[in-house]
Amino acid sequence: MQFDPKSRSVLTRHDLGRFAGRTLFDRIARTVCEAECLPRKELFESWEVARRVRRRIRGRRVVELAAGHALVAHLLLLLDATSEGAITVDAKPVPSATTLSGALTARWPRLAGRVEHRVGDLSATAIAAGDLVVSVHACGALSDVVLDLAIGAGAHVALLPCCHDEQTCDTGGLLGFLPIPLAVDATRVARLRASGYETITQTIPAEITPHNRLIIGLPATATEGSSPRARQTTGRHRGAVAHPGADR
Ligand SMILES: C[S@@+](CC[C@H](N)C(=O)[O-])C[C@H]1O[C@@H](n2cnc3c(N)ncnc32)[C@H](O)[C@@H]1O
């Protein structure tokens with residue numbers, strides 16, 4: 001039977017054999033399987049986001065908003081040991097996030113004490129200019145609140161939005177050309193650029209989620225002096241998801 005990466009089934013020890021390789025992804029996946037608390041989709045989604053973000057943005061304090069299980073924050077620290085740590089914010093307590101964090105920390109002790117889980121409204125989060133703000137599937141206009149916070153602080157930002165809504169999201173006057181989700185995300189990119197950001201637009205594999213547009217924003221100070229080639233701003237996923245490769 002096909003192993004569907006967009007399944008919401010919780011990964012368990014029964015899935016260990018599917019991740020038998022030696023890559024960092026396989027090792028993380030096995031740890032997640034042993035924790036028996038994470039929907040399969042979130043493993044693939046979080047990995048695809050984290051590795052794309054880390055190709056563009058190194059170090060920094062990670063602030064994961066609308067974090068849920070907060071796997072992205074952990075992956076961003078594992079992919080870059082120079083990051084000082086992470087805070088994660090969700091409106092409600094997520095008990096399995098604690099389970100997952102404990103399992104990852106037991107496997108990678110260098111995570112110990114470096115991820116702080118906060119419960120509260122993300123709009124109250126204090127963001128610093130040096131932060132990397134990341135949010136995966138903050139529903140509808142919540143993604144815009146994430147952008148407000150990042151732009152307000154001049155922080156780096158990575159957003160994988162979902163649940164685009166004509167009533168609450170800005171469609172930028174683009175509905176004559178574009179469907180609502182695309183109009184909303186194009187308007188978000190335009191807003192970042194109007195705020196002086198360099199933007200990178202990518203997609204993660206649609207086999208994992210239909211809400212797969214990744215928007216990365218680099219504040220002007222981060223890109224000043226880079227060459228036009230280095231500032232190349234678009235990229236697209238070309239391969240199938242199957243099994244993430246040998247990323248460290
Ligand atoms: C669709 S889930 C995404 C969770 C996770 N990022 C993921 O990709 O699996 C949206 C999350 O946003 C959280 N949330 C909703 N409103 C929020 C708010 N105002 N402040 C912080 N978190 C919020 C919810 O509790 C939920 O965990």
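From the N terminus on, the secondary-structure elements of the protein chain follow the order α-α-β-α-β-α-β-β-α-β-α-β-β-α, which amounts to 7 helices and 7 strands. The model is predicted, and the protein chain has an average pLDDT of 91, with 89% of the residues scoring at least 70. Where pLDDT is low, the predicted coordinates should not be read in detail.

Of the 248 residues in the protein chain, 40% are buried. Among the contacts that link residues at least 6 apart in sequence, 65% join residues at least 24 apart. The largest nonpolar core comprises 64 residues, and those with the most contacts inside this core are Val72, Leu76, Val133 and Val146. Helix α3, spanning residues 71-79, contributes the largest share of the core, namely 7 residues. For Val72, when residues up to four places away in sequence are left aside, the contacts are with Ser46, Val49, Ala50, Glu64, Val134 and Val136.

The shell around the ligand consists of 15 residues, of which Ala66, Gly68, Ala91, Leu122 and Val136 come nearest to the ligand. By residue class, the shell divides into 9 nonpolar, 2 polar and 4 charged residues. Strands β2 (85-90) and β4 (132-139) each supply at least two residues of this shell, and β4 gives the most, with 4 residues.

Val94 is located in the loop between β2 and α4, and, residues up to four places away in sequence not being counted, Val94 touches Gly68 and His69. The C-alpha atoms of Val94 and Ala67 are 9.3 Å apart in space, although the two residues are 27 residues apart in sequence. Val94 is classed as partly exposed because 19 other C-beta atoms lie within 10 Å, whereas a residue is counted as buried if 20 or more do so.

Helix α1 (residues 24-35) has 12 residues and, at 1.5 Å a residue, should span 16 Å; its end C-alpha atoms are 17 Å apart, and the length therefore agrees with expectation. Within α1, the buried residues are Phe25, Ile28, Ala29, Arg30, Val32, Cys33 and Ala35, a set that includes the charged residue Arg30. These buried residues pack against two other helices, α2 (40-56) and α4 (95-107). The helix is followed by Glu36, for which phi is positive, near 50°.

A further arginine, Arg191, lies in helix α6, which covers residues 180-194. Arg191 counts as partly exposed because it has 18 C-beta neighbours inside 10 Å, a number that falls in the range between the limit for exposed residues, 12 or fewer, and that for buried residues, 20 or more. Along the chain, Arg191 and Ile151 are 40 residues apart, and their C-alpha atoms are separated by 9.4 Å.

Notes. Residues numbered from 1 in each chain as written. Predicted model: local features only at pLDDT ≥ 70, side-chain atom pairs only at ≥ 80, totals over all residues. Near = placed C-beta within 6 Å. Core = buried A, V, L, I, M, F, W, Y, C linked by C-beta atoms within 7 Å. Contact = placed C-beta atoms within 7 Å. Expected span 1.5 Å × (residues − 1). pLDDT = per-residue confidence, 0-100.
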